[in-house]
Amino acid sequence: MRAGARAPLIRARFPRAFLDVNREPYELDPQMFSEPLPDYVNVASVRVTGGLGTIPRIVAENEEIYRKRLSVAEAFARIETIYQPFHALLEERLRATRERFGMAILVDCHSMPSSVRALPGGRRPDMVLGDRYGTSAGARLMTIATGRLTRLGYDVARNKPYAGGYITERYGRPAIAQHAIQIEINRGLYADERSYRPHAGLPILAGRLAEFVAGFAADVDADYALPTAAE
């Protein structure tokens with residue numbers, strides 16, 4: 001992928017409070033619905049218990065989202081019309097990339113609050129790279145990504161406090177040359193977290209992330225000798 005900036009991008013144009021594609025397809029809280037859920041629904045995961053299933057129950061500081069219970073039909077409509085097409089497209093893009101270049105790298109981007117749980121010594125990183133503790137991406141790729149972000153001036157942690165979610169776990173398959181890395185970006189770098197508005201740091205972050213994408217792609221090309229698009 002020598003033209004690194006041409007990597008395909010999938011952007012979720014819906015809020016995670018409405019539907020969270022970084023969950024199992026049917027990870028639902030039975031207390032949110034007016035009818036019983038089918039037996040195959042995962043109603044007992046840690047995320048469901050915490051109110052953060054495929055359709056979240058809470059937002060922000062444990063604030064309840066819904067005033068009344070939802071119908072199961074409404075929940076399944078969201079899953080069938082948004083969740084499933086999102087994952088079908090992601091799966092297809094990864095397959096096509098792997099077939100064309102011999103490998104695929106998914107970079108799953110998220111934001112985290114600046115008040116993220118401090119690491120030993122009181123450190124609160126700018127970026128957290130997650131590879132499910134070495135299971136979703138090759139070690140060399142994590143080293144390249146960490147090095148690039150560090151050289152751009154960011155304090156980078158790995159796997160703590162975020163090791164990667166459902167997407168990283170599901171699509172990270174290094175054994176078939178399909179790698180997944182989650183990047184959590186500190187919101188304080190680009191936005192006022194009280195007003196939810198971007199500040200002057202946004203264009204700086206955008207420029208540095210563009211540098212990261214280009215540099216990361218170049219380093220991967222050099223290490224793995226990937227074919228060009230023309231090849």
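In the predicted model, arginine 23 is located in the segment before helix 1, which spans residues 46-49. Arginine 23 has a relative accessible area of 9% and is therefore buried, since buried means under 20%. A polar atom of the arginine 23 side chain lies 2.6 Å from the backbone oxygen of leucine 52. When neighbours within four places in sequence are left aside, the residues in contact with arginine 23 are Arg16, Arg47, Leu52, Gly53, Thr54, Tyr83 and Tyr166.

Proline 8 and leucine 94 are separated by 86 residues in sequence, while their C-alpha atoms are 9.6 Å apart in space.

Serine 136 occupies the loop between strand 4 (127-130) and helix 3 (139-151). With a relative accessible area of 1%, serine 136 is buried, because the value falls under 20%. The side chain of serine 136 reaches the backbone oxygen of alanine 180 at 2.7 Å. Leaving aside neighbours within four places in sequence, serine 136 is in contact with Gly130, Asp131, Thr168, Gly172, Arg173, Pro174, Gln178, His179 and Ala180. Among these contacts, Gly130 belongs to the list and is the residue at which strand 4 (127-130) ends.

Note on methods
Residues numbered from 1 in each chain as written. Predicted model: local features only at pLDDT ≥ 70, side-chain atom pairs only at ≥ 80, totals over all residues. Heavy atoms only, no water. Helix = DSSP H or I, 4+ residues; strand = E, 2+ residues; numbered from the N terminus. Buried < 20%, exposed > 50% of the residue type's maximum accessible area, 1.4 Å probe, protein only. Polar contact = N/O pair within 3.5 Å; in protein donor to acceptor, adjacent residues only side chain to side chain. Contact = heavy atoms within 4.5 Å.
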